[in-house]
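Student: I have a structure to read and would like to learn how. Could you take me through the features one at a time?

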Amino acid sequence: MKKYSAFAVAREALRDHIGWERAWQSPEPRSKYDVIIIGAGGHGLATAYYLGKNYGIKNVAILEKGWLGGGNTGRNTTIIRSNYLQDPSAAIYEKARSLYENLSQDLNYNIMFSPRGVMMLAQTQHEIRGYKRTAHANALQGVSTEFISPQKVKKLCPIINIEGPRYPVLGALWQPRGGTARHDAVAWGYARACSDMGMHIIQQCEVTGVNTMNGKAVGVETTKGTIVCEKIGIVVAGHSGVLADMAGFRLPIESVALQALVSEPIKPCMDVVVMANTVHGYMSQSDKGEMVIGGGADGYNNYSQRGSFHHVEETVRALVETFPIISRLKMLRWWGGIVDMTGDRSPIISKTPVKNIFMNCGWGTGGFKAIPGSGWAMAELIAKGEPGPLAEDFRVTRFREGQFIDESVAAGVAH
Ligand SMILES: Cc1cc2nc3c(=O)[nH]c(=O)nc-3n(C[C@H](O)[C@H](O)[C@H](O)COP(=O)(O)OP(=O)(O)OC[C@H]3O[C@@H](n4cnc5c(N)ncnc54)[C@H](O)[C@@H]3O)c2cc1C
């Protein structure tokens, strides 16, 4: 595949852009692969990429029922941070964040990583204590964060009203190298690199059954026929329970729609990401100028990918006190994605009761930031058959053993 470069842009500009190749191929499925990854979201594609890059396993198919990146990967608000409380979480999210730093170069695809800084506002005494505790934990984990004053919050983000009558800003947990990336580009960059390694990305190919023999994976049934394989990685976010059911086991996962919205574009006014967990909203400004606003999760389990008026109203009403300037903005679009929630709000990267079937799920409301680290850890699990240091604590059996990785404060519905 031809390399993207400034030289290539100049060359194509001189010949009416006729020389660009397709970013990835759309092959028909073969009858057999070494590894099948189900789900071409960011996590599935990253898993395939690191299988090829780190372990030389390239006879891989990535099966996607819709279009690649069309699930939560293309629906999220793209916040990247690693300021989690528990050590296993900080380790995998920081691995992911550090891979994001050079991902554009690694993939030769501009994923528009923007480490503009993320702040989580403390608007109650309880949050001050919680975030100071996290800052201390992060110092021990080697994650660079600090607890900052309201004055510094105002300096970093002048459009914030720090003197709100109900929810004054009392400080913030600040991660200067957190930020955002372009979500589609992350999926597209990994897809292009996987295709370049000879892997098959097969879209419009729904897995409808998982075939096992003597407790071991042997292949899948799909809308494009039966495919045989040695190993299966199930990476389908909100549909994890459905796929686990096909393979004959149950997961401690609930699926629920999480919503987000964007405003009309306005001039640049905010160059950090702000999360206000008490009032339950968060906001950043996209390169196009839209204010990207995260809303809440639906209060009931569902598989809907739609937004709803009452979430728009609730989220904007909550944010207006902290960001008075948004009171006169028109909201342009809103939508939902199906997130997969575990009881301790931490993911599952694990072997399963079926030999050679591996699960990667439970990223819930916050898995975009984890894509490179998750793919890295899942590839190791599939290649070696055993989890490496990044994944071992995220085994599914932790729910039976009582070894929870409680991130309900760090994750919640905050991303
Ligand atoms: C509104 C919203 C805002 C969010 N904001 C953030 C944020 O700011 N920061 C953050 O870190 N995270 C955020 N998240 C969470 C994040 O988007 C997800 O954790 C992450 O994208 C999950 O990626 P994935 O690859 O596991 O899943 P997905 O991208 O959903 O990919 C799974 C794929 O599996 C496919 N699939 C399902 N069933 C089958 C089948 N039977 N056969 C074949 N394919 C199948 C689906 O079509 C889908 O494409 C947000 C999520 C939402 C919905």
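Student: How are strand 17 and strand 18 joined, and do they run parallel or antiparallel?

Tutor: Start with the terms. Strands (E, at least two residues) and helices (H or I, at least four) are DSSP runs, numbered from the N terminus. Two strands pair if DSSP finds at least two bridges between them. Here strand 17 (residues 348-351) and strand 18 (residues 357-361) run antiparallel, joined by four bridges. Ile349 has Asn360 of strand 18 as its bridge partner. The hairpin has five residues between the strands, and Asn356 takes a positive phi near 70 degrees.

Student: What kind of model is this, and how are residues numbered?

Tutor: It is a predicted model: local features need pLDDT of at least 70, side-chain atom pairs count only at pLDDT 80 or more, and totals for chains, interfaces and linings use all residues. Residues are numbered from 1 along each chain as its sequence is written.

Student: In what order do the strands of the eight-stranded sheet run?

Tutor: In a regular strand, side chains alternate between the two faces of the sheet. In this model, eight strands make an open sheet with mixed pairing, ordered 5-6-4-13-14-15-12-16. Strand 5 (146-148) and strand 16 are at the edges; each has a single partner strand, so one side of each lacks a neighbour in the sheet. From one strand to the next, the twist averages 25 degrees. Inside the sheet, strand 13 (residues 273-276) pairs with strand 14 (residues 281-285) in the antiparallel sense over three bridges. Met275 has Tyr282 of strand 14 as its bridge partner.

Student: At what angle do helix 2 and helix 7 pack?

Tutor: Two packed helices are described by the angle between their axes and the distance between the axes. Axes are lines fitted to C-alpha atoms, for helices over the stretch in contact; angles run from 0 to 180 degrees between N-to-C directions. Helix 2 (residues 42-55) and helix 7 (residues 183-196) pack at about 35 degrees, with axes 9 Å apart. Residues are in contact if their C-beta atoms, placed from the backbone, lie within 7 Å. Helix 2 contributes Gly42, Leu45, Ala46, Ala48, Tyr49 and Gly52, while helix 7 contributes Val186, Ala187, Tyr190, Ala191, Ala193 and Cys194.

Student: Which classes do those contact residues fall into?

Tutor: Ala, Val, Leu, Ile, Met, Phe, Trp, Tyr, Cys and Pro count as nonpolar, Asp, Glu, Lys and Arg as charged, and the others, Gly among them, as polar. This contact has 10 nonpolar, two polar and no charged residues.

Student: How is the protein divided into domains?

Tutor: The bounds come from an automatic or database domain assignment. Domain 1 covers 25-79 + 85-94 + 183-251 + 344-401, and domain 2 covers 95-178 + 255-342. Their centres, taken over C-alpha atoms, are 27 Å apart. The contact takes 41 residues from domain 1 and 34 residues from domain 2. Helix 7 gives the largest share of the domain 1 side, seven residues.

Student: Why does the ligand lie between the domains?

Tutor: Both domains give residues to the shell around the ligand, so the ligand lies between them. A residue counts as near if its C-beta atom, placed from the backbone, lies within 6 Å. The ligand is surrounded by 40 residues, the closest being Gly39, Gly41, Gly71, Gly337 and Gly367. By class, the shell has 14 nonpolar, 21 polar and five charged residues.

Terms used: Two residues are in contact if their C-beta atoms, placed from the backbone, lie within 7 Å.
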